[in-house]
Amino acid sequence: MPDFKNMNEMRASINLYFDNALTNVDQQNLLNRVDSDSACHKIFNQEKNIRDFIKNNVTRPAVSPDLIQNIKNNIKVV
């Protein structure tokens, strides 16, 4: 995949990388491109920083045990 024809494809590949949705070969190709292309490097770092910020600063609401049990009770076993 990382044969970029435009910036949108580059961004899509970077997002797939961070979502662990690229093959090992595509991951390595993307990382090689990030190392050699300053525009790709910049986009890669921006996406990494955004994801790190969200991971470290956005808290998920707690789920009550009653809600979990209610969901389990409503799951039908086929």
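What radius of gyration does the protein chain have, and what would a compact globule of 78 residues have? The protein chain has 19 Å, whereas such a globule would have a value near 12 Å. The radius is taken over C-alpha atoms, and the globule rule is 2.2 Å times the number of residues to the power 0.38.

This is a predicted model, where local features need pLDDT of at least 70, side-chain atom pairs count only at pLDDT 80 or more, and totals for chains, interfaces and linings use all residues. Residues are numbered from 1 along each chain as its sequence is written, and side-chain values use heavy atoms, with hydrogens and water left out.

**Overall layout**

The protein chain has 4 helices and 0 strands. From the N terminus on, the order is α-α-α-α. Helices (H or I, at least four residues) and strands (E, at least two) are DSSP runs, numbered from the N terminus. Along its principal axes, the C-alpha trace spans about 55 × 35 × 20 Å. Buried residues make up 18% of the 78 residues. Here buried means under 20% relative accessible area, exposed means over 50%, and partly exposed lies in between (1.4 Å probe, protein chains only).

**The core**

The largest nonpolar core has 8 residues: Met 10, Ile 14, Leu 22, Leu 30, Val 34, Cys 40, Ile 43 and Phe 44. Such a core is a set of buried Ala, Val, Leu, Ile, Met, Phe, Trp, Tyr and Cys residues joined through side-chain atoms within 4.5 Å. Helices α1, α2 (24-36) and α3 each give two or more residues to this core. The most come from α3, with 3 residues. In soluble globular proteins, nonpolar side chains tend to be buried together.

**Aromatic pairs**

The structure holds 3 aromatic pairs. Rings of Phe, Tyr and Trp (its six-membered ring) pair if their centres lie within 6.5 Å; planes under 30 degrees apart are stacked, over 60 edge-to-face, and the rest tilted. Tyr 17 and Phe 18 have ring centres 5.2 Å apart and planes at 80°, so this pair is edge-to-face. Tyr 17 also pairs with Phe 44, tilted, at 5.4 Å centre to centre and 50° between the planes. That pair links distant parts of the chain: Tyr 17 is in helix α1 (residues 7-18), Phe 44 is in helix α3 (residues 38-57), and they are 27 residues apart. Phe 44 is buried at 10% relative accessible area, while Phe 18 is partly exposed at 22%. Ring pairs link Tyr 17, Phe 18 and Phe 44 into a cluster.

**Salt bridges**

Side chains of opposite charge can pair when their charged atoms come close. A salt bridge is a side-chain nitrogen of Lys or Arg within 4 Å of a carboxyl oxygen of Asp or Glu. The whole structure has 4 salt bridges, and the table lists some of them.

| Pair | N to O distance |
|---|---|
| Arg 51 and Asp 19 | 2.8 Å |
| Arg 51 and Glu 47 | 2.7 Å |
| Asp 52 and Lys 48 | 3.1 Å |

Where do Arg 51 and Asp 19 lie? Arg 51 is in helix α3 and Asp 19 is in the loop between α1 and α2, 32 residues apart. Arg 51 and Glu 47 are 4 residues apart in helix α3, so about one helical turn separates them. Glu 47 is buried at 18% relative accessible area. Asp 52 and Lys 48 are also 4 residues apart in helix α3, so about one helical turn separates them. Salt bridges that share partners join Asp 19, Glu 47 and Arg 51 into one network.
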